[in-house]
Amino acid sequence: MEKYLVSARKYRPATFASVVGQKALAATLKNSIATDRLAHAYLFCGSRGVGKTSCARIFAKTINCTNRTPDGEACNECESCRLFNENRSLNIIELDAASNNGVEDIRQLIDQTRIPPTSGKYRVFIVDEVHMLSSGAFNAFLKTLEEPPEYVIFILATTEKHKVIPTILSRCQIFDFNRITISDMVDHLAYVAKNEGISAEPAALNVIARKADGAMRDALSIFDQVAASSLNNITYRSTIENLNVLDSAVYNRLLQSFLDGNVADALLIYKEVRDQGFNNHFFLTGLADYFRDLVVARDPKTISLLESDDDNRTAMAQLAAKCSPKMLYRAMDLCNSADLNYRTAANKQFLIELTLIKLCQADSPSPNEGDGEGHALQPIVAKAPTTPTPSSPKPAPAPAPAPQKPAPTAAPINPPAPAPPAPANPAAKKLPKIGLGPSISIRATNSAAPAAAPTDDKPAPAAPSATPAAGAPDRQPKLDLRLSPEEVRSAWLNFADSRTAEHVMASTLRTCIPRPADANDSTTYTVQYESPAQAEVLEKWLPLITRELAQTLGNSQLKFSLKQVDGEGSPISWTERQILDHLIAQNERIGELVNKLNLTLE
């Protein structure tokens with residue numbers, strides 16, 4: 001019976017054509033051999049399992065071949081190739097720098113360079129994991145690496161190029177190996193499965209390739225493991241069970257709960273994941289990758305970035321179409337924040353559950369961003385169905401008067417409520433009680449005002465104009481409800497203080513204070529800004545601020561406009577002394593520390 005050999009060794013590349021995922025680099029090496037333009041030192045860099053040492057051995061074998069094929073490959077028939085295939089070649093010396101990293105080890109290597117090749121043209125020294133050499137060994141290696149004998153070629157391999165000293169890098173031709181793509185891995189695994197007589201589902205091979213994380217050697221090792229556990233019948237189900245990989249169906253169910261705003265379903269699905277023994281951080285990173293895949297699958301231009309088969313790409317594109325880009329971006333940001341806080345979180349399960357609750361609100365409009373479409377967050381505890389009632393009843397409209405043409409300059413008046421509610425803020429309390437809604441606004445006294453609503457039960461008679469008849473009692477006094485700049489400024493700053501969570505917006509509002517645009521118009525204000533960043537924040541928040549302040553001040557005619565100023569300081573900007581005084585007032589210990597250390601402001 002033939003001795004079993006693992007796939008990573010059995011299918012190790014023996015020619016440049018068999019190297020997986022490094023076509024451009026292999027072509028460069030073949031061309032340098034064909035044109036006899038060989039350097040004296042090479043440095044192969046890349047992550048584990050991408051073919052650095054394999055390419056070094058193929059290169060060493062090919063340059064000593066005496067009868068190369070027309071396409072530049074070794075013939076495997078000459079004496080040099082046969083000795084190499086039998087591991088008896090004296091022209092190829094391999095050194096593991098991880099275990100031979102001292103000065104004496106490098107001196108022994110240098111001594112071997114003085115012996116010319118017995119057959120062939122070159123002696124090739126392959127130093128693996130060269131970054132593990134000590135600083136003394138690096139220095140002892142410099143002179144020989146710079147000017148070796150003409151028959152010596154050094155090939156250095158490393159997974160951490162940044163640890164190799166610059167003087168070594170400057171003496172080598174550097175080749176950076178790419179990570180093996182998932183599609184290349186799947187093709188190679190299918191080739192191995194066919195040769196070994198193993199049936200394998202493409203979806204299962206895709207899972208193996210993703211698990212290998214760009215390393216072909218890891219993929220072949222995982223392939224052997226799954227083939228042994230499934231008795232040479234590699235299915236998708238057996239693969240995810242053997243590798244303890246979370247099924248994509250779980251993430252699909254979670255996505256539906258996020259879109260529905262169903263917190264209970266999301267938490268129960270997470271409990272199922274924990275009961276299956278999956279690590280919390282593994283679940284969190286998998287969820288982040290899932291949202292990333294949805295983002296790239298949503299746009300046909302970027303769907304090629306989804307490293308998967310065509311069927312999975314189509315399914316992901318259909319799921320991504322259900323999500324808005326804003327929801328996906330917010331979900332990715334929440335997953336990233338949770339990942340950053342995971343290591344420092346005392347209760348990691350609580351962190352993930354809180355993230356899931358936030359994700360259930362990711363498709364809902366933010367309370368700080370005005371109106372928008374989205375799903376309302378469903379409560380965890382179900383309640384009996386009841387007839388929904390508004391939290392605050394809207395005022396019933398008064399009986400409509402006879403048709404009349406309003407004056408074009410008249411300010412809009414809201415329908416009167418049966419019992420107007422008390423004002424919710426001090427600014428609204430200053431309004432006189434005139435029997436109208438809290439958002440009444442009367443601008444100039446010269447403007448024609450619409451007829452006031454009748455105060456008795458009888459409907460008001462139709463009038464040809466808004467001006468009362470001569471001698472008739474004036475039910476609505478002509479008041480000039482002007483807004484003082486102090487009231488607007490106070491309401492502006494109160495709004496900023498109420499949104500401390502949006503610290504960028506709050507800081508911008510405290511810096512950019514509105515000023516009256518016209519001395520004769522108390523409802524029009526100009527907000528001056530100094531930088532494009534402030535303008536961007538103000539343009540985003542100004543519609544919401546205008547609505548809030550108009551309701552707070554009881555004046556629907558309030559308007560704000562933006563104006564850029566260059567070089568003009570902020571109206572409330574503080575000096576360094578004012579900042580220090582404010583900090584000392586907030587915390588006396590700061591003042592004690594300043595006095596104790598004799599600190600001064602320059």
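**A pocket, a helix and some salt bridges**

The residues lining the second largest pocket divide into 16 nonpolar, nine polar and nine charged, where Ala, Val, Leu, Ile, Met, Phe, Trp, Tyr, Cys and Pro count as nonpolar, Asp, Glu, Lys and Arg as charged, and the others, Gly among them, as polar. What you see above is a predicted model, in which local features need pLDDT of at least 70 and side-chain atom pairs count only at pLDDT 80 or more, while totals for chains, interfaces and linings use all residues. Residues are numbered from 1 along each chain as its sequence is written, and side-chain values use heavy atoms, with hydrogens and water left out.

Let me stay with the pocket for a moment. A pocket here is an open set of points on a 1 Å grid over the protein atoms alone, where a 1.4 Å probe fits, with protein on both sides within 12 Å along at least five of seven lines, and lining residues have an atom within 4 Å of a point. The volume of the second largest pocket is about 1100 Å³, taken as the space filled by probe spheres set on the points, which are joined across faces, edges and corners. Of its 34 lining residues, Asn 206, Arg 210, Val 245, Asp 289 and Asp 293 lie nearest the centre. Helix H14 gives the most to this lining, with seven residues, and helices are DSSP runs of H or I with at least four residues, strands being runs of E with at least two, numbered from the N terminus.

Now to helix H10, residues 216–229, whose 14 residues reach 20 Å from the first C-alpha to the last, close to the 20 Å expected at 1.5 Å a residue, the expected span being 1.5 Å times one less than the number of residues.

Finally, the count comes to 17 salt bridges, each a side-chain nitrogen of Lys or Arg within 4 Å of a carboxyl oxygen of Asp or Glu. One of them joins Arg 171 and Glu 146 at 3.0 Å, N to O. Arg 171 lies in the loop between H7 and S5 and Glu 146 in H6, so this pair ties together parts that are 25 residues apart in sequence.
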